[in-house]
Amino acid sequence: MKKLVFTFAFVCVSTLGFSQEAAKPAVDEAFKKECLAVIEASGSGNMLNSYRDQIVGQVAEEKRAAFIVEFDALMKKVNEKTAEVYMQVYTKEDIKAMKAFYNSPVGKKMKEKAGEVTQKSQESMMDVQTDLQALMMKYMQ
């Protein structure tokens with residue numbers, strides 16, 4: 001009987017040990033906040049907001065406010081995930097330097113002009129897209 005109780009206890013403890021998720025390292029919230037500041041300063045979120053502005057016109061008027069609330073919540077999640085990637089790829093010194101750049105006059109101009117550059121780049125790439133499609137068709141047959 002003692003062997004049965006011991007075996008049962010051993011199985012329970014073993015199962016408990018294996019079922020626990022590996023502990024996640026603590027997040028450096030101050031570093032994450034700096035990464036989020038760089039993302040904001042860079043204007044990368046503005047590109048998705050321009051998509052929001054394009055899409056919102058296709059949403060029924062009575063649903064637009066709710067759509068914007070949900071879209072903005074999703075954008076916050078995207079920025080949080082991007083900040084986590086930044087924390088893995090960049091050092092704290094890198095993030096400080098990026099923040100300084102994006103808060104400089106040239107960095108601010110870059111943010112201000114990002115939408116215009118993206119739009120003009122997309123327009124100029126139309127010819128290249130046609131060439132790329134032709135190249136793909138040539139080698140996929």
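Colleague: Why is leucine 132 called partly exposed?

Modeller: Leucine 132 has a relative accessible area of 46%. Buried means under 20%, exposed over 50% and partly exposed in between, with a 1.4 Å probe and protein chains only, so leucine 132 is partly exposed. This is a predicted model, in which local features need pLDDT of at least 70 and side-chain atom pairs count only at pLDDT 80 or more, while totals for chains, interfaces and linings use all residues. Residues are numbered from 1 along each chain as its sequence is written, and side-chain values use heavy atoms, with hydrogens and water left out.

Colleague: Where is leucine 132 found?

Modeller: Leucine 132 is in helix H7, residues 126–140. Helices are DSSP runs of H or I with at least four residues, strands are runs of E with at least two, and both are numbered from the N terminus. The protein has seven helices and zero strands.

Colleague: What makes serine 42 count as buried?

Modeller: The relative accessibility of serine 42 is 15%. That is under the 20% cut-off, so serine 42 counts as buried. Serine 42 is placed in helix H2, residues 29–42. Leaving aside residues up to four places away in sequence, serine 42 touches Tyr102 and Lys111; contact means heavy atoms within 4.5 Å.

Colleague: Is tyrosine 102 buried or exposed?

Modeller: Tyrosine 102 has a relative accessible area of 19%, so tyrosine 102 is buried. Across the protein, buried residues make up 16% of the 141 residues.

Colleague: How many aromatic pairs does the structure hold?

Modeller: The structure holds three. In one of them, tyrosine 86 and tyrosine 90 have ring centres 5.3 Å apart and planes at 80°. Rings of Phe, Tyr and Trp (its six-membered ring) pair if their centres lie within 6.5 Å; planes under 30 degrees apart count as stacked, over 60 as edge-to-face and the rest as tilted. The tyrosine 86 and tyrosine 90 pair is therefore edge-to-face.

Colleague: What is the pair of phenylalanine 101 and tyrosine 102?

Modeller: Phenylalanine 101 and tyrosine 102 are 5.1 Å centre to centre with 65° between the planes, an edge-to-face pair. Phenylalanine 101 has 34% relative accessibility, so phenylalanine 101 counts as partly exposed.

Colleague: How do you know that lysine 92 lies over the face of phenylalanine 31?

Modeller: Lysine 92 is 5.8 Å from the ring centre of phenylalanine 31. A charge sits over a ring if NZ of Lys or CZ of Arg is within 6 Å of the ring centre and within 35 degrees of the ring normal. Lysine 92 is listed as lying over that face.
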